Amino acid sequence: MKILKSAMLLVLFAHLTLSAQNKEIVSILATTNSNKVSFMLDGNSQTGWNIAANDLKKDQFISLTLQNPGDVKQILLETGGVTKPELQQILRVYISYDPMNWGEPVLYKIEGEKNQTLSFPPKYGAHVKLELLGGILKKEFQINEVTVVPVEKQNDAVTISADRPWLNTNLSIEKR
């Protein structure tokens, strides 16, 4: 039985790791239904992280660790059973480099109904926390997919101006 449990945990970890790599997320953690949270990263909108009405009596959260820290500008959510106003009321989004110090939640605007886009000014971080405030919503819902959208990085060679060639590593030493 112990070997079976270990094998199941290994399969779950492998599934989570492979799924996370596709989304630039290396780990995911949830306060409830943690055995289902990896389904938010599997690319299948039919599966997801279910939050029961009873679970929503108290605060819940999902914590994501990004593969590459950087500026985050949006979070894409595919949900079921929750409206945009309900989600806006219960969801707090945190982005931090230090998961022990989340700081203040980001101020976001939300667009879409089933496929929601949470947009906010870019914030640098390596971790994202989605906190669901307890005691507000009294019904079950699910988050089927989550995607963290970073700010696109510009090619350094393109952004270096012609008047500072010594910074352009694509040029030869003589030209720099």
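A nonpolar core is taken here as a set of buried Ala, Val, Leu, Ile, Met, Phe, Trp, Tyr and Cys residues joined through side-chain atoms within 4.5 Å; buried denotes under 20% relative accessible area, exposed over 50%, and partly exposed the range in between, with a 1.4 Å probe and protein chains only. The model is predicted, so that local features need pLDDT of at least 70 and side-chain atom pairs count only at pLDDT 80 or more, while totals for chains, interfaces and linings use all residues. Residues are numbered from 1 along each chain as its sequence is written, and side-chain values use heavy atoms, leaving out hydrogens and water.

The protein chain contains 3 helices and 7 strands, assigned as DSSP runs (helices H or I, at least four residues; strands E, at least two) and numbered from the N terminus. Their order from the N terminus is α-β-β-β-α-β-β-β-β-α. Of the 176 residues, 38% are buried.

The largest nonpolar core has 34 residues, among which W49, I62, I75, L77, L91, L130 and F141 touch the most other members. At least two core residues come from each of several elements, including strand 1 (25–30), helix 2 (84–90) and strand 7 (141–150). Strand 3 contributes the most, with 6 residues. Contacts (heavy atoms within 4.5 Å) of L77 beyond four places in sequence include L87, L91, L118, L130, I143 and V146, as well as K114 and E145.

N33 counts as partly exposed because its relative accessibility is 30%.
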